[in-house]
Protein chains: 2
Amino acid sequence: MLDALFTFLDPAAILRGDDMAKWQSDWTHSYHSTPLAVVRPSNTMQVSDIVKWANTTGTAIVPVGGNTGLAGGTQNDGAVMISLDRMNQIDEIRPDARIAIVGAGVILSTLHDAVDAHDLIFPMTFGAKGSATIGGMLSTNAGGSNVLRYGNTRDLCLGIEAVLPNGEIINLMSELHKDNSGLNLKHLLIGAEGTLGLITRAVLKLSPKPRAYATAMVGAQTLGGGLTLLNTLQEATGGAVEAFEYMPQAYIKAHLDMFKTAKAPFDNPHPANFLIEVGAPAPHDCAIQSDGSIPVVTQLETSLAALLETNDIQDAVVAQNEAQRRAMWERREQAAEVVLTQGPVIQNDVAVPLDQMQHFLDRASATLAQVDPDATDISVAHVGDGNIHYTVSPSSNDAAHKDKIVEAIEDVVQQICGSFSAEHGIGISKRNSMKRRKDPVALATMKTIKQALDPNGIMNPGKVYPD
Amino acid sequence: MLDALFTFLDPAAILRGDDMAKWQSDWTHSYHSTPLAVVRPSNTMQVSDIVKWANTTGTAIVPVGGNTGLAGGTQNDGAVMISLDRMNQIDEIRPDARIAIVGAGVILSTLHDAVDAHDLIFPMTFGAKGSATIGGMLSTNAGGSNVLRYGNTRDLCLGIEAVLPNGEIINLMSELHKDNSGLNLKHLLIGAEGTLGLITRAVLKLSPKPRAYATAMVGAQTLGGGLTLLNTLQEATGGAVEAFEYMPQAYIKAHLDMFKTAKAPFDNPHPANFLIEVGAPAPHDCAIQSDGSIPVVTQLETSLAALLETNDIQDAVVAQNEAQRRAMWERREQAAEVVLTQGPVIQNDVAVPLDQMQHFLDRASATLAQVDPDATDISVAHVGDGNIHYTVSPSSNDAAHKDKIVEAIEDVVQQICGSFSAEHGIGISKRNSMKRRKDPVALATMKTIKQALDPNGIMNPGKVYPD
């Protein structure tokens with residue numbers, strides 16, 4: 001059956017048996033696959049030929065990027081997995097126009113390094129940056145820690161090229177900041193988790209590199225005060241806050257337990273801990289003064305000192321050098337390892353309105369205490385996005401029991417108009433939630449579009465849409 | 001036939017005959033309509049009932065907002081026009097969460113005033129702000145003069161409610177900054193020009209109000225130097241440039257001819273004129289100093305003085321008070337009146353890559369000189385978006401002749417990977433261009449989606465999609 005593939009792919013592009021090992025389990029080891037083959041095309045035309053073959057033969061196609069997703073989006077049995085890891089060319093970087101044109105297989109940190117040479121940044125970043133690919137990030141509309149300042153992946157993408165379920169190549173490679181020429185198919189394909197087509201290339205927006213960063217850890221009483229703190233700092237800095245991350249004391253402790261060389265952020269623990277970073281984009285914000293100080297750092301120190309005085313916060317440490325800054329970031333970026341690899345857990349990647357975060361935490365904990373008194377919870381959150389990773393260690397790994405917990409937490413989310421899926425996507429892990437929580441008209445509309453564009457159901461079947 | 005409407009609408013909501021006069025011609029008087037009736041529902045349920053009736057009876061529905069579009073998007077014969085002007089409630093303004101929840105009939109300037117009371121802005125603005133409605137802006141993904149800083153309308157919208165072609169109400173009223181729960185139907189409906197449904201409500205993002213503005217007119221030799229000037233000022237101000245608008249001397253002259261009380265920006269004319277505005281978001285940027293100066297104004301003056309010295313620009317005037325600032329903005333915002341109401345013209349609302357703007361102008365003028373030596377051209381442009389309103393006064397109003405000019409200009413646009421429609425949309429005016437210029441796979445995909453969601457073709461028929 002696979003013989004047809006050998007007519008247009010070189011043998012090295014078709015992996016079978018043990019050669020597929022790398023793709024048979026995801027990063028969390030929660031999802032396992034037995035694919036028919038893994039194919040690694042070198043260009044868009046080959047992707048088109050593969051998909052045309054799959055559409056004709058009714059073969060399921062499952063795209064895979066860095067395989068660092070958290071929702072089982074690449075799991076499959078008997079499908080052909082398609083990896084674009086060989087399509088990893090950075091075709092152009094145009095500093096004046098502030099764009100990069102890249103293949104879908106480019107790894108995020110590779111792009112970071114390439115644009116750094118031009119004093120620019122591609123601002124999206126998160127823990128898995130060393131393996132996540134641009135194609136995977138676009139397919140899942142990846143979020144991360146500086147969405148607050150720069151937006152989600154879709155906001156950083158001007159144009160895409162993709163192969164549709166019928167194998168045709170759609171050219172939406174716009175380099176433009178305004179392009180109102182019909183339905184926005186770019187935004188439809190971004191975040192579709194490979195169910196409407198395979199993104200093969202992209203035009204990405206670059207930003208000027210901040211000339212200095214002021215980074216701090218702040219200790220406070222509650223998550224709820226974080227929004228006031230954030231709004232205060234946004235006012236003081238003119239909206240230059242790049243990241244505003246929440247970690248509770250339980251997370252700080254779990255992190256110290258796992259990473260023995262790590263240090264506690266404060267001598268005395270605080271219930272709520274925030275990692276705050278402010279970028280200094282303008283020359284006058286970063287020039288070192290005659291007394292050795294850097295204005296953006298001084299500005300953050302002054303703001304935090306005032307908040308300490310009014311007792312809005314309890315503690316604050318500003319990074320004095322890059323090593324201290326890196327340590328602050330590592331503590332936050334290791335969250336997936338700390339939270340997800342410590343035995344069976346229930347991930348609740350929820351988003352709530354900005355002014356409802358503390359309310360959510362209170363209600364969720366109270367609800368959990370009722371449904372499973374012996375369970376524990378731990379959260380990290382992107383405060384500026386209302387995105388809380390509320391992770392539960394249940395007292396039992398029984399599927400029905402776990403589903404009961406998920407349902408109860410989702411009830412809380414729904415009551416405050418939140419989303420059961422903020423940035424991790426649906427994959428297979430949240431299909432039940434989609435069925436229960438998504439607006440039924442929206443769900444029916446999604447299925448109508450899926451059916452219209454992929455009538456044979458070959459693109460990443462069994463994901464996103466509930467049965 | 002319309003009797004059914006009277007069973008669920010009050011008589012005042014159904015206009016016929018002379019009462020429809022206001023809706024029978026668009027603002028430019030280029031498009032004229034003879035609708036069957038104009039209906040003005042009061043709530044979403046009524047919109048749903050109207051669309052269900054239309055879908056059952058096969059009646060065409062044409063939505064209309066402020067009727068200030070430039071592409072004939074509301075033109076119709078024998079359709080029921082639906083105006084949501086009575087759905088003009090601002091339901092909520094939540095300053096901490098920085099959102100407003102509004103009905104589609106809210107007029108842009110009304111929203112501006114309402115959020116101003118909270119020291120916030122809804123940043124989208126353009127000449128027609130006194131009549132354009134939120135629903136119309138979302139349906140057309142309106143642009144304007146500060147897209148550079150804040151994005152297009154779609155970027156300022158967190159959630160929508162809409163009535164689909166089958167009359168069902170889709171609830172996508174997310175207040176969230178991250179919400180990856182399936183296909184992004186919000187972005188599909190925004191910019192669809194009412195062909196996939198009627199947007200009835202929206203959740204909009206608000207921004208802190210800049211505490212001061214520094215506004216200047218700059219005279220230079222070419223549009224091309226504008227990008228360097230923009231990037232220089234973005235570096236100097238930390239990305240605080242809110243608007244960067246281009247007007248050629250021909251426009252300045254036409255403006256003075258039309259508005260007799262207006263003044264020339266400079267004593268001596270310059271080929272290229274830029275309106276530049278920088279916002280001061282942070283307290284330290286706007287506090288009046290002991291010498292009476294305002295830092296953001298001083299900063300802009302200093303930057304411009306340096307550019308004058310290096311001869312990168314030839315002239316500069318910084319507004320010294322709000323009246324001078326308003327005069328600078330009026331000159332730019334009156335562009336539609338100056339350019340479009342002076343006899344028959346061909347509008348080319350094109351977008352090109354940022355680093356190709358001067359190249360486009362040179363090539364377009366040279367091309368026009370070949371195709372129609374007696375024609376004249378005039379352009380205004382949003383430099384930060386690569387959006388050029390290249391308007392031609394042809395020597396003859398003959399349709400075939402005008403189409404030849406459009407084709408020639410579009411050839412230039414296509415060769416540099418631009419778009420034939422930047423912010424005005426397709427309506428009926430650009431359907432031929434869609435057919436000729438849009439990627440054929442994209443066009444086929446749009447039609448597939450339109451057919452799947454509106455099989456009876458009732459929603460704004462004859463627009464957007466070429467035959």
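Predicted model: local features only at pLDDT ≥ 70, side-chain atom pairs only at ≥ 80, totals over all residues.
Two strands count as paired if DSSP finds at least two bridges between them.

As for burial, eight of the eight residues of β13(A) are buried, so the strand is largely enclosed by the rest of the structure.

Moving over to chain B, the strands there can be followed through a whole sheet. It is an open sheet of seven strands, antiparallel in its pairing, and the order reads β15-β12-β14-β13-β17-β18-β16 (chain B). The edges belong to β15 (315-318) and β16 (346-351) of chain B; each has a single partner strand, so one side of each is left without a neighbour in the sheet. On average, neighbouring strands of this sheet are turned by 15° against each other, direction ignored.

Inside the sheet, β13 (residues 241-248) and β17 (residues 376-382) of chain B run antiparallel and are joined by two bridges. Tyr246(B) sits opposite Ala381(B) of β17(B). Helix α8 of chain B, residues 249-258, packs on the sheet and touches β13, β14 (272-280) and β17 of chain B. The direction of helix α8 makes about 85° with that of β13(B). Another helix, α10 (residues 295-309) of chain B, lies across β12 (212-220), β14 and β15 of chain B, and its run is at about 15° to β12(B).

Is Asn348(B) buried or exposed? The relative accessible area of Asn348(B) is 5%, and buried means under 20%, so this residue is buried. Leaving aside residues up to four places away in sequence, Asn348(B) touches Ile388(B), His389(B) and Tyr390(B), along with Val392(B), Val406(B) and Ile409(B). Ala305(B), by contrast, is 43 residues from Asn348(B) in sequence and 35 Å from it in space, taken C-alpha to C-alpha.

Terms used: Residues numbered from 1 in each chain as written. Chains lettered and ligands numbered in written order. Heavy atoms only, no water. Helix = DSSP H or I, 4+ residues; strand = E, 2+ residues; numbered from the N terminus. Axes fitted to C-alpha atoms, helices over the stretch in contact; angles between N-to-C directions. Contact = heavy atoms within 4.5 Å. Buried < 20%, exposed > 50% of the residue type's maximum accessible area, 1.4 Å probe, protein only.
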